[in-house]
Structures are given as structure tokens and as C-alpha cells.
Amino acid sequence: MYQHYYLYQTQVTRLDATSDSAIAFAYYLISIMVVSSPRKRQEIISQWIYGIFRILLVLSITINFLETWLFWRPDYWVLGLLKAITASSSVCAMILLMRSLPQFLTNPNLTQLKQANQLLELEIKERHLAEEALRESKERFHNAFDYAAIGMALVGLNGSWLQVNHALCEIVGYSEAELLAKTCQDITHAEDLETDFDYVRQLLTGEIRCYHIEKRYIHKLGYVLWIMLSVSLVCDIHGQPLYFITQIQDITERKRAEQTLQQQAYIFENISDGVIITDLLGRIIDWNRAAENMFGYDKAEIIGKNLNILHKPEESAVLTKKIIDELHTNNRWAGEINFVRKDRTQGVCETVFVPLYNEHGQPSATIGVNRNITERKQAEAALQQANKQLTSWVQQLEQRNHEIALLSHMSDILQACLTIEEAYKVIAQLIQPLFPQTSGGVFIISSSKHLVETVTIWGDLTVASKTVFSANQCWALRRGRSHLSTSDQQGLKCSHIEESFAGEALCVPMMAQGEALGMLHFHSPEPGQLTAAKQQLASEVAERIALALANLRLTEALQQQSIRDPLTGLFNRRYLEESLEREISRAERSHKHVGIIMMDVDHFKSFNDKFGHEAGDIVLRELGAFLKKQIRKADIACRYGGEEIMLILPESSLEVCQERAERIRQTVKLLDLRYQHQKLGSITLSLGVAMYPEHGLTGTAVIEAADTALYIAKKTGRDRIVMAQSQVSLY
């Protein structure tokens, strides 16, 4: 109906058409914006909403255009249909908005997002602090582990060392790499393994949480160490065992001290004199069984009582002051004391009081040694003798402990020696402290078993014995036991002792496995120095030296047998192959040459057939001795097989190898070979020469080249030298 009105007013119609066009244009712009908005907001619900709005906008725009169009061409059904569609879309948009409203309401606003962001930052900061604390904790643990004063280690469940600190390496003598290549069982004393395994089993089964035991380790040098071992188990969060943490303290010195204390305690309890130990106030701390028998009091009832209980009351104060004054002045008091027993009977004892000092050198207690001298005249003589004997016992005990320590040190050093010559050098230095008042030497029996000669001496530059003599001239070697000779002609004197010697001389055989290796000779210019105790000590020293020398001889013999050919004395084939590979590797690094000379005795088979195999062995033996004199120290002579011998000449040129081969070929003809007083005649050699790297890049290739050259030399007439890969004789 509006259209009819517009038909009568043209200006109004134009105005309405222009307005609807402007509105339609604005709606299109809004639609374009709505289209671009979902690209920035990708939520599924927002896309649906924006889709509905786009549809509504498009419909509204279209309706406005239709209303404009209807001014000129009325078509109201189309307009009604579009409005119906627009109404339906509006209802759908409303329903969708109502369903989406709760979800939009639950979305956090900007304030909530800021609070959540702050909480997240706080949590991240706390995590960083926790990680820093964990890192510092790990660093403190590693510092405490690495720089701990005691040995510490992480040990696997199978006993392998996982991590060790420097202190543990110093205790057992191994480097860190050497120790990590071993297991706990490798350095544990065999007698302690079962106990250790039992404790480990209890740890793994949860019976105990940790354990502490004293056990023994074997030091890298071979001696026994006592250690205090503390072990605990580390598990994961599920309780599964991961590894052990161990702490190791070296208590060897403490064990030695305990052993000494046990010895002293044994002496203390079994000595015949009554020994009383008191504090500085005179209260009794300890006493032995002899004191119980002397004074009649049991140890339990006397401990803590004052020493005055044993004295007469009228004499106690004076005696106590006298003893204290004497101890302050002379650190010792000795005299006769009238004592009172528990049954109130009296007696007389001779007493010696001495102070005991603590680790700071301050007196902390006194020790009194009491001897009953009730029968005065008899007891006085007995007491003097016993006091001298007690002093002698103490000195002998100290001397014996000192000698045992020196003897143990000598054994450790000898076990660490690598050669017999090295052992000879250290023996003199080790024996001198054991026998400070004597001089002497070590005499070794020669391989022929006829002569005895000195290898080292100590003390004076000259000894009482000849330096070389027959084994039959020594009574000790003939009898297999120590023999003492004196200058006063009492008893038998060894004939190897110089006639002009003064004092006394002791010969001690060094026996190992029933065989005499030599003897130790001791000389004292003053009689009485080589006492029975010193002779016993000398026997122990000789036994340990003999055992060490026998072991070194056996080691050297086994080493020589493993690399030497027993007939020629040259190196064997296995040593040849190892040496050749080593020299070739060295030459490859330094860009040098290695020469190979392969030689063979000409007509050796016919030689054996004519003179016999024993004569053939003589030829090979003499040839081996001849080659040892012909080669340099750096050269290696080996028996390759049968009568074939190979020389390895490191860092030699082709000309040098040819010259050396020619000299050997010419000189070997001058050998004077005899067998059972029969002249065997001269021998000739065929030689093949090869060089690395000219004739091969490996040891096997060079040997094959030299062997081929040797074969050509023998085939082309023998007694000649052929270079590898050459068919023409050089000589």
C-alpha cells in the first residue's frame, strides 16, 4: 500500500529507494565483517552463530532490495516468502543462542584469566626453585662424595664398582679406572666373602636396612688391609633395589694397635707381679690377677677404691706424698711398701710406680708393679732379678715388634721387585736396619753349583768372608742350617772366613723348596751381638729373601720360556709375529722401513742324515749364538721353524739389509762346528730379503715375500741372497 502512495509522490519514492539502498549497502558491509570475524575466532559454537547472523543479514538486505523493487513491479508473494524465511532464521538463531548461553557464561573473563596466569607463573617459579634446590643438593652430594676424607663408593647389585672417590683409591692402591674395572669380590679377602654375601642378602630381602662390619681388602701391592665397611641400599620409588652406598675407613693401624693391646693385655693379665693402674687422684682403675692374689681383693670390689686401702693408715699420707713428689721429679718411683691384705694381714712388696701419658703428652694415670717380698732377704734378690727380667722383656718385646715391622716391610718391598737384580739392590738397604751393629752380604750359588759369590753387601765395604769361594767351604751350606764362627777359635769356623777377622760371623743358608740358593753372611766385630734372637731373626730374613728370589727366578724363567726357543735361544715364532706387527705399526706411524731377512741352512737334511740329529741340534744352537752376536740390540732374531731363521731389522734401508745379509752369509762359513770331538765342517746359508712397505703392507705379506725370495735362492743354487720379487741373484 506504500507503493501506491509513492507512485503519487515521486520525490518521496526516490528518497525511500535511496534510504533502502543505503541500508542494504550497510548490511552488506556488516555481512563482510561477520565473514572475516570467524577467521580470528575459531570456536565451533561461534562459527554457527556467525553463520546464522550472516544468513539473517543477507535476508534483511534482500528484503530491502525487494521493497525497493516493488515500487515499480509489485510482487508481494516473493516478499512474503522472504520475510517468512527471515522469521524462521531468527527463531533458529534465538534457539541456538539460548543453548549456547550457558557455555558462554562458563568461559572465564579477563580477570579470571589474569589470576590463572599469575598462579601459573607462581607454579613455574616454585618449580624452578625446586629444580635449583635439587641441583644444589646433587652438587653437595657429589662434593661430599668426591672430597670425603673416607673412602666412598656406589656399588652395583652384582658387586661392580659404579663410582668411587679419591680416598678409596688411595686406600686400596688402585687408580679410579683400575678399580672401576674390578668388583668388590676381586679385592675382598677370600675368608670374608661369605660373611659379606650374607649381609648383602639380608639387605636385599629387607631384613636389615644397613650393616657395618670389619673386613679385609687386598691392596694392589698384595698386602692385607683392614677396613670398616658401612653399607646401605638405595631403592627406587617402587622399592626396587638400585645400588649400594658404601663407606670405607682404613682401620689397619687400629687393628695393629688392637693386636698390640691384646698382647699387652695378655702380658698384663699373666705377668707374675701385681699390676695396679690408678688415676691421678689415687683411685684404682684396673689391676691384674696377680694383684688379686697378692692383696686378696677381687677386681670387681676394688675398682674405684682409693689406693690407701692397701696401706697402713699411719703410713699412707707420708707414702702418697713421697710417691707423688718422686713422680713429678723423676717420672718414676721405686721402693718398698708395707701393704695390708683384705684379711688384714700385712706384707711387704717392692713397688714401681710410673706415669701413663695421654695422646697430648699429659700424665693421665699411674701404673704400679708390685712384687711380694715378705721374706725380705730372699725376696730382695728375687725382686732385683725379676725387675731386670721385666725390663728385658719390655725391651725385647719392643725390639721384636720393631723387627716384625721391618721384616714385614722388607717382604712387601721384595714382593714388589720385578727383577732379581732389583731385589739385590734393595736387600742391603732392607737388612741394614734389622742388624744395625753388623755388616755382611748376600752370597748366591752359581748355576754350576760349585761357586758362591757375593751380589751385594751392607755395612763396611769389606766383609769377613771371601767374595768368591766354593760351596763346600761353608758349613752352613753343607749342613743346611745356620753356623756361627768366632775369632777365639771356639767351635768350627767356615774356611771361607778370612783368617784375620775379629769378633763373630754368622752364615745363614737361603733355602727355597729344598734347594740352597745361597747364604746370608753377618759379621760383628764385637762378640755377643749375634745373639740367639738375632740368629733366629737372621733365619727368618734368609727364608723370606730365598722365597722372594725363587719367585723372581721362576717368573723370569717362565717369561723366557714363553718367548724363547729352547734349542737356539732365539725368540720363538709367536714372539716374532707379535714383534713384527708392532714394528710395522711403528714404521707406519713414523714413515720408516722394516727389513726382513729369512735364512735357511743349506743341505740341513743331508747334514742330519750324515751326522745325526744331535749334531744338527748343535748346528742350530751354534747358529743361534752366532746370530745373537751379529745383530744390533734393536734387531730381533727368531726361529721361524725347523732350520729357518728370520731377522727383523727395524728402521733399516734396503742397502743396510743387503749388507747385513751378506756379512752373515760370509761370516757363518767361519764357524768351527764340532760334535763329540769330530769336526762337522762349515755350513752355508740361503737368504731371502724383503722390505716393508715395498714388498707388503702387512707382516704376513712381508714374510711371504721373504719366504718366496728364500725359495728362489735355494732353487737357484743356494749360498746366496735374493731380494723379494726378484728372480736374479744379487751375488
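The charged end of Arg478 sits over the ring of Trp475, 4.3 Å from its centre; such a contact is counted when NZ of Lys or CZ of Arg is within 6 Å of the ring centre and within 35 degrees of the ring normal. Another contact of this kind involves Lys255, placed over the face of Trp226 at 4.4 Å from the ring centre. The model is a predicted one, in which local features need pLDDT of at least 70 and side-chain atom pairs pLDDT 80 or more, while totals for chains, interfaces and linings use all residues. Residues are numbered from 1 along each chain as its sequence is written, and side-chain values use heavy atoms, without hydrogens and water.

Trp287 and Phe295 are stacked, because their ring centres lie 5.7 Å apart with planes at 5 degrees. Both residues of this pair, Trp287 and Phe295, are buried (under 20% relative accessible area, with a 1.4 Å probe and protein chains only). Together with Phe339, Trp287 and Phe295 make up one aromatic cluster.

Trp333 and Phe353 form a tilted pair, since their centres are 6.4 Å apart and their planes at 50 degrees. Trp333 belongs to strand E8 (residues 333-340) and Phe353 to strand E9 (residues 346-357), so the pair ties together parts 20 residues apart in sequence; strands here are DSSP runs (E, at least two residues), numbered from the N terminus. Trp333 and Phe353 are likewise buried.

Methods: Phe/Tyr/Trp six-rings, centres within 6.5 Å; stacked < 30°, edge-to-face > 60°. Buried < 20%, exposed > 50% of the residue type's maximum accessible area, 1.4 Å probe, protein only. Helix = DSSP H or I, 4+ residues; strand = E, 2+ residues; numbered from the N terminus.
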